Amino acid sequence: MPSVVKINVLTVPEEQREVLEKRFASRAGAVENSDGFEWFELLRPVEGTDQYLVYTRWRSEEDFQNWMSGSMQAAHRGGGEGGGEGGERPKPAASGSTLWSFEVVQQAAPKA
């Protein structure tokens, strides 16, 4: 069964880039222990776009959905995004978000 790739496309204004990256850094480790998790990358745009790509790869769609309804919800509910005063949630760094879904049909790794 092929792995499943989820790419969350986040539209991030220039002045919010550092905020977004710090929030992801403070969450390091939040996804790594999830069942079926295979890979994560946060991709910063270099030129011509204000869209970050959050790349995750999963053993199956079911594993991704389990993470979405479990620990991801908890992480976004308040853990790891400090800075809100009096328990207030900080304003999202991204002004828009789109989720792309793919199946891995071919892959390659460096030869040993």
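Author: We begin with a term: a residue is buried if its relative accessible area is under 20%, and exposed if that value is over 50%. The model discussed here is a predicted one. In helix H2, the residues Asp63, Phe64 and Trp67 are buried. Seen down the axis of H2, these buried residues fall within an arc of 100 degrees, so they line one face of the helix. Glu62 and Ser69, on the other side of H2, are exposed.

Reader: Why are Phe64 and Trp67 separated by about one helical turn?

Author: The general idea is that an α-helix has 3.6 residues a turn, so residues three or four places apart point the same way. Here, Phe64 and Trp67 are separated by about one helical turn because they lie three residues apart in helix H2, which spans residues 61-69.

Reader: Which residues of H1 are buried, and which on the other side are exposed?

Author: Arg17, Leu20, Arg23 and Phe24 are the buried residues in H1. They lie on the same side of H1, because the arc they cover around the axis is only 135 degrees. On the other side of H1, the exposed residues are Glu18, Lys22 and Ala25. The buried residues of H1 pack against strand E1 (4-11), strand E2 (37-43) and E3.

Reader: Are Trp58 and Trp67 buried or exposed?

Author: Trp58 counts as buried because its relative accessibility is 0%. Trp67 is buried as well, with a relative accessible area of 16%.

Reader: Where does the charged end of Arg27 sit?

Author: The charged end of Arg27 sits over the ring of Phe24, at 5.6 Å from the ring centre.

Reader: Which residues make up the largest nonpolar core?

Author: In soluble globular proteins, nonpolar side chains tend to be buried together. In this model, the largest nonpolar core has seven residues: Leu10, Val12, Leu20, Phe24, Tyr52, Val54 and Ala93. Helix H1 (17-26) and strand E3 (51-58) are the elements that give two or more residues to this core. Another core, of five residues, lies apart from it and includes Val31, Phe37, Phe64 and Trp67.

Reader: Which residues does Ala93 touch, not counting residues up to four places away in sequence?

Author: With that exclusion, Ala93 touches Val12, Pro13, Gln16, Val19, Leu20 and Arg23.

Reader: In what order do the elements of the protein chain run?

Author: The protein chain has three helices and four strands, and from the N terminus on they run β-α-β-β-α-α-β. Of the contacts with a separation of 6 or more, 71% join residues 24 or more positions apart.

Reader: What share of the residues is buried, and what is the accessible surface of the protein chain?

Author: Buried residues make up 30% of the 112 residues in the protein chain. The accessible surface comes to about 7800 Å², and carbon and sulfur atoms hold 52% of that area.

Terms used. Residues are numbered from 1 along each chain as its sequence is written. This is a predicted model: local features need pLDDT of at least 70, side-chain atom pairs count only at pLDDT 80 or more; totals for chains, interfaces and linings use all residues. Side-chain values use heavy atoms; hydrogens and water are left out. Buried means under 20% relative accessible area, exposed over 50%, partly exposed in between (1.4 Å probe, protein chains only). A charge sits over a ring if NZ of Lys or CZ of Arg is within 6 Å of the ring centre and within 35 degrees of the ring normal. A nonpolar core is a set of buried Ala, Val, Leu, Ile, Met, Phe, Trp, Tyr and Cys residues joined through side-chain atoms within 4.5 Å. Contact means heavy atoms within 4.5 Å. The arc is that of the directions from the helix axis to the C-beta atoms. Accessible areas come from the Shrake-Rupley method with a 1.4 Å probe; for residues, only the protein chains shown count as cover.
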